[in-house]
Amino acid sequence: MLEQMLTDIEIAQSAKLKPIGEIAEKIGLDSGEIQPYGHYKAKIPLDLVEKRQSKEGKIVLVTGISPTAAGEGKSTVSVGLADALTLRDRNPILCLREPSLGPVFGIKGGAAGGGHSQVIPMADINLHFTGDFHAITSAHSLLSALLDNHLFRPNSLKIDHRQITWPRAVDMNDRALRNIVVGLGGKNGGIPREDGFVITAA
């Protein structure tokens, strides 16, 4: 009788995580060189990457591939490849982009791999990770608010509100927000104009 296959989340939740400091040591970093985000996530400062550049390594780039019906695509292949290289006594470092919340809740699903070829903690990575997308969204929204405020008073730069190409941003696939009208609500509501949202990753 065949055993029931575990789902991605069941596999992720059953895995025993190692502290991020222990993972850092495997690539030659000590705890003072990383910026921890809890027990299992961390950032590596960019200046450290530049200091530690080596010509001995090789880069393998996994680019556009069509995912399977189950959603196995670039991330799953990349994680599986890193696992395979580790079993061959190599010392791979895997670099994946931060997942966008929109696809996570859509058909595509998360971007942390799948099955036994996934990065964990999967839920943390897929849902908020280190907060970078939130910071980008907030910064983008601030610029959008500044632009509309400038149009409202006194528009000293003489910006034509009909030719603005700067959209708003939200880390979500929300079809209803792609094309909207802002500035409604009377004389204190701003300058009525067409606007729209793009997903933060764009």
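The model is predicted.

**Helix α7**
- The buried residues of α7 are F133, T137, H140, S144, L147, D148, H150 and L151.
- These residues lie on the same side of α7, because the arc they cover around the axis is only 160 degrees.
- An α-helix has 3.6 residues a turn, so residues three or four places apart point the same way.
- The cover over the buried residues of α7 includes β5 (168-170), β6 (180-182) and β7 (193-195).

**Salt bridges**
- The whole structure contains 7 salt bridges.
- One of them joins D124 to K41, with the closest N and O atoms 3.7 Å apart.
- D124 belongs to helix α6 (residues 122-127) and K41 to the loop between β1 (35-36) and β2 (42-43), so this pair ties together parts 83 residues apart in sequence.
- D124 is partly exposed at 36% relative accessibility, whereas K41 is buried at 14%.
- D195 forms a salt bridge with R168 at 2.3 Å, N to O; D195 is in strand β7 and R168 in strand β5, 27 residues apart.
- D195 also forms a salt bridge with R193, where the closest N and O atoms are 3.4 Å apart.
- Through shared partners, salt bridges join D148, R168, R193 and D195 into one network.

**An exposed loop residue**
- I107 is located in the loop between α5 (101-104) and β3 (113-114).
- With 91% relative accessibility, I107 counts as exposed.

Methods: Residues are numbered from 1 along each chain as its sequence is written. This is a predicted model: local features need pLDDT of at least 70, side-chain atom pairs count only at pLDDT 80 or more; totals for chains, interfaces and linings use all residues. Side-chain values use heavy atoms; hydrogens and water are left out. Buried means under 20% relative accessible area, exposed over 50%, partly exposed in between (1.4 Å probe, protein chains only). Helices (H or I, at least four residues) and strands (E, at least two) are DSSP runs, numbered from the N terminus. The arc is that of the directions from the helix axis to the C-beta atoms. Contact means heavy atoms within 4.5 Å. A salt bridge is a side-chain nitrogen of Lys or Arg within 4 Å of a carboxyl oxygen of Asp or Glu.
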